[in-house]
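The sequence and the structure are shown first.

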Amino acid sequence: MTRIFSGIKPTGHLTLGNYLGAIRGWAEVDQYRAESVFSVVDLHALTVDHDPARVRRLSRQAATLLLAAGIDPERSVLFVQSHVDEHARLSYLLECVASDGEMRRMIQYKEKSVVEQARGGSVRLSLLTYPVLMAADILAYGADEVPVGDDQTQHVELTRDLAVRFNQRYGHTFVVPRATRPEVGARVMDLQDPTSKMGKSHESGAGIVYLLDDADVVRKKIMRAVTDSGSEVVFDREGRPGVSNLLEILAACEGGSPEGLSGAYESYGALKKDVAEAVVELLRPVRERHKALVADSGYVEGVLRGGAERARGMARPTVDAAYRAIGLLPAV
Ligand code: ATP
Ligand code: MG
């Protein structure tokens with residue numbers, strides 16, 4: 001059976017981009033067709049300036065939202081990355097097959113290191129090595145597929161390269177995974193700056209729809225979305241990024257293609273209204289289930305405890321095999 005792995009970082013409140021690009025597919029499709037492992041990858045949240053109490057809070061919230069989105073712990077393994085030591089163990093071995101140069105070529109490193117410097121901080125070494133830890137997350141589970149949004153494809157490519165290189169040097173140890181992406185919604189853009197990706201760690205929230213925003217806040221953010229000059233509703237990501245983003249969000253909510261939907265609208269205002277209602281309806285059940293789960297924190301804890309146990313059992317044999325293959329003396 002196909003095995004999949006994917007994760008989400010507790011670096012901020014989860015967004016519509018996270019939901020459409022990743023989580024919805026995990027909950028509605030992936031876990032029914034494959035053996036699925038999903039993780040709140042909290043070690044990755046330490047790569048940038050962070051507040052410890054906030055990371056803890058966001059980790060619990062992310063796990064709760066994944067359950068609210070429909071991840072079924074009977075079907076899928078759901079756990080917090082730092083509860084399973086195998087990730088960090090394997091990451092070090094992969095650092096020994098990765099090169100400094102290939103890390104520096106990662107687009108996300110380039111983008112995020114600039115942000116950290118602009119904030120006046122130093123760039124943490126872990127921001128540079130973060131894609132290696134992500135490779136360890138994936139390879140430890142022998143995942144065949146990694147369902148992610150567009151921005152993660154380069155990291156999954158790196159994961160493939162590291163797996164192939166390790167296998168060639170030290171003997172077959174890892175499954176070589178591939179990224180999969182949703183047809184629409186793989187790159188939801190910021191509503192206030194539609195040339196950059198909607199990202200949960202971005203500072204200004206006006207262009208970001210959070211999964212836990214009230215319905216009225218969602219409506220307001222969408223009605224105030226930046227649109228393009230001209231008034232015709234056409235789908236053209238390059239020339240009309242604002243309107244195209246709205247069409248893509250609508251298509252992701254309601255089905256159909258963004259090009260097809262564009263013909264149905266004569267004005268930006270009418271389009272925004274429909275997008276707002278579609279997003280509110282899309283998120284309503286998630287928010288309602290989230291509320292119920294928050295009231296039952298013992299349940300979420302139990303899921304994470306069981307998930308970590310299952311995850312350890314899955315990852316351990318592969319990571320132990322990698323230890324042996326690379327030349328480390330087994331402990332007796
Ligand atoms: P950060 O700003 O901290 O990087 P993020 O919003 O990019 O946060 P991640 O935890 O890095 O979220 O990514 C979780 C998943 O959500 C990944 O599969 C990623 O590709 C996907 N994703 C993130 N942002 C978007 C987006 N704007 N559109 C579609 N998918 C997205
Ligand atoms: Mg990201």
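## Domain arrangement

In this predicted model, the domain assignment divides the chain into domain 1, covering 3-181 + 297-326, and domain 2, covering 215-291. Taken over C-alpha atoms, the centres of domain 1 and domain 2 are separated by 30 Å. Six residues from domain 1 and five residues from domain 2 make up the contact.

On the side of domain 1 that touches domain 2, helices α1 (16-33) and α2 (52-68) each supply at least two residues. Helix α2 gives the most to this side, with three residues. By class, the side of domain 1 that touches domain 2 consists of five nonpolar residues and one polar residue, with no charged residues.

## The largest nonpolar core

In soluble globular proteins, nonpolar side chains tend to be buried together. The largest nonpolar core of this model has 96 residues, and those touching the most other members are Ala-63, Leu-66, Ala-69, Ala-135 and Val-279. Helix α6 (residues 125-139) gives the most to this core, contributing nine residues. Both domains take part, as the core draws at least three residues from each of domain 1 and domain 2.

The contacts of Ala-63 illustrate how one of these members is placed. With residues up to four places away in sequence left out, Ala-63 touches Val-40, Leu-78, Val-80, Val-300 and Leu-304.

The shell around ligand 1 comprises 22 residues, of which Gly-17, Gly-21, Gly-149, Gly-199 and Ser-201 come nearest. Helix α1 provides the largest share of this shell, five residues. Helix α1 also supplies at least two residues of the side of domain 1 that touches domain 2.

By class, the shell around ligand 1 contains 10 polar, seven nonpolar and five charged residues.

## The annotated position Asp-137

An unreviewed UniProt entry lists Asp-137 under "binding site".

Is Asp-137 buried or exposed? Asp-137 counts as buried because it has 27 C-beta neighbours inside 10 Å, where 20 or more are required. Not counting residues up to four places away in sequence, the residues that Asp-137 touches are Phe-5, Gly-7, Ser-39, Val-41, Gln-81 and His-87.

Conventions. Residues numbered from 1 in each chain as written. Chains lettered and ligands numbered in written order. Predicted model: local features only at pLDDT ≥ 70, side-chain atom pairs only at ≥ 80, totals over all residues. Core = buried A, V, L, I, M, F, W, Y, C linked by C-beta atoms within 7 Å. Buried ≥ 20, exposed ≤ 12 C-beta atoms within 10 Å, placed from the backbone. Helix = DSSP H or I, 4+ residues; strand = E, 2+ residues; numbered from the N terminus. Domains from an automatic or database assignment. Contact = placed C-beta atoms within 7 Å. Nonpolar A, V, L, I, M, F, W, Y, C, P; charged D, E, K, R; others polar. Near = placed C-beta within 6 Å. UniProt positions renumbered as here; feature names shortened; annotations may be inferred.
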